[in-house]
Amino acid sequence: MNALTIKDPADLLSFIGHTLGFWPTESLVCITLDKNKVGATLRIDLPRQQGSELAYARTVSSYLTSDTTATSIVFAVYTSTRCEPGQPKPHAATIAALTGVLAENGITIRDGIFVGDDAYSPYDSEPGQDISLPLSSTEYSQVNAEFIYRGSTIEPTNRIMLPAATQETAKSTAVEERMNTIRTQPPDDAAREASLLWTGMLESKDFPTDEDCLNLIANFQFPHIRDRLLADIPGIDEPPQHILFAQTNTPPKWSRIEWAQQLLLHAYTRTSPQHAAPILTTIGYINWWQGRGSKAHQYMQLALDTDPGYRFARLSDQMLGAGIIAGWNSNKNTAYKTHLDMP
């Protein structure tokens, strides 16, 4: 992918929308910069209580400083709270606290944007100064046009809309029969056979047959096989435990990871609720690898809705709640990102 250049606030807001995949609400979005190169993108809910600004700023800073090459950031505050005439922008105390905490870590704030429901403006404009532009103008930005040309879209919200699952009794029975066959095999042989099937899917350009989907769904029901298949996704020849926690020196093959997510969603449509939790959790885990924590959390919750006792989903969601970031996203050479520059 050729690099694009962010030239103005409309380009920046378009970049944020396409990078996140949705239009944020009541959010702070920060983008790290190394000179003029875009680094990591962080979206986090705005604080809901006064008096928590410093603690909030320290949390945000801990995420941003995981990008060890960052020297500055740009930010956007998305809120429905209106600017009052003659008053500072909403969440001014939060931005002031963040400015100070980042300065302690050698990071400066390069620019900021205030994004309302229908207009945006510079965050540092003087109180009462009205230099806002309609939000609809972002639709005509160069960056937005390029992303759309590449097939990207911006959803109105971050809510996950799953494709309809078949929930057919026959398919559920077929998965159970395959699970019974797997139980008769030596564990290593079953894992090796499952890995061959999954790797073939990952290397193909076509969606698998329903027969292969049912075999894949059955394989994911077994934790030792599931972990092997997870480690197969990024296409890296390193220890599985390093791959699972995104702690490899080798960059993952992000296009392969994206294809894996499509394959799993395809498989989800061919399964029943009783077998859906491992598939949904794995998709959530992929979103964690990509740095999409809020979407990862939603997938974990959807998995727990189908199986409240599914331990992998619960542990993964606890990891997300603790604020643990996938190691790949702490390194600009391995992070999931879009290639853009700032002028």
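**A friendly note on this predicted model**

1. Let us start with a pair of helices. Helix α6 covers residues 187-203 and helix α7 covers residues 210-220; their axes come within 10 Å and cross at roughly 125°. What does that angle say about how the two helices lie? Angles over 145 degrees would count as roughly antiparallel and 65 to 115 as roughly perpendicular, and α6 and α7 are therefore oblique to each other. The crossing of this pair, α6 and α7, is left-handed.

2. Now look at the side of each helix that faces its partner. From α6, the residues that take part are A194, L197, W198 and M201, and they meet D212, C213, N215, L216 and N219 of α7. Sorted by class, this contact of α6 with α7 has six nonpolar residues, two polar ones and one charged one.

3. Before going further, a word on confidence. The model is predicted, and its chain averages a pLDDT of 89, with 95% of the residues scoring at least 70. Please be careful with residues 339-343, where the pLDDT is below 50, even though this stretch has 27 contacts in the model beyond near neighbours in sequence. Where pLDDT is low, the predicted coordinates should not be read in detail.

4. Helix α11 (residues 277-289) and helix α13 (residues 311-321) have axes 10 Å apart and pack at an angle of about 20°. How do α11 and α13 lie to each other? Since angles under 35 degrees count as roughly parallel, α11 and α13 are therefore roughly parallel to each other. The crossing of α11 and α13 is left-handed. On the α11 side the contact is made by T281, Y285 and W288, and on the α13 side by F312, A313, S316, M319 and L320. By class, the residues where α11 meets α13 are six nonpolar, two polar and no charged.

5. Is C30 buried or exposed? Its relative accessibility is 1%, so C30 counts as buried. Leaving aside residues up to four places away in sequence, C30 touches A40, T41, L42, V60, L64, I73, V74, F75 and L98. For a sense of distance, compare C30 with S294: they are 264 residues apart in sequence and 15 Å apart in space, C-alpha to C-alpha.

6. H275 lies in the loop between α10 (254-268) and α11. With a relative accessibility of 2%, H275 counts as buried, because the cut-off for buried is under 20%. Which residues does H275 touch, not counting those up to four places away in sequence? They are S172, V175, E176, M179, I217 and Q221.

7. Finally, check two backbone angles. Most residues other than glycine have a negative phi. E26 is not a glycine, yet it has a positive phi of about 45°. E26 is placed in the loop between α1 (9-20) and β2, and at 33% relative accessibility E26 counts as partly exposed. H91 also has a positive phi, of about 65°, although it is not a glycine. You will find H91 in the loop between β4 (72-78) and α3 (92-104). H91 has a relative accessible area of 21%, so H91 is partly exposed.

Methods: Residues numbered from 1 in each chain as written. Predicted model: local features only at pLDDT ≥ 70, side-chain atom pairs only at ≥ 80, totals over all residues. Heavy atoms only, no water. Axes fitted to C-alpha atoms, helices over the stretch in contact; angles between N-to-C directions. Helix = DSSP H or I, 4+ residues; strand = E, 2+ residues; numbered from the N terminus. Left-handed = near helix turned anticlockwise from the far one by under 90°. Contact = heavy atoms within 4.5 Å. Nonpolar A, V, L, I, M, F, W, Y, C, P; charged D, E, K, R; others polar. pLDDT = per-residue confidence, 0-100. Buried < 20%, exposed > 50% of the residue type's maximum accessible area, 1.4 Å probe, protein only.
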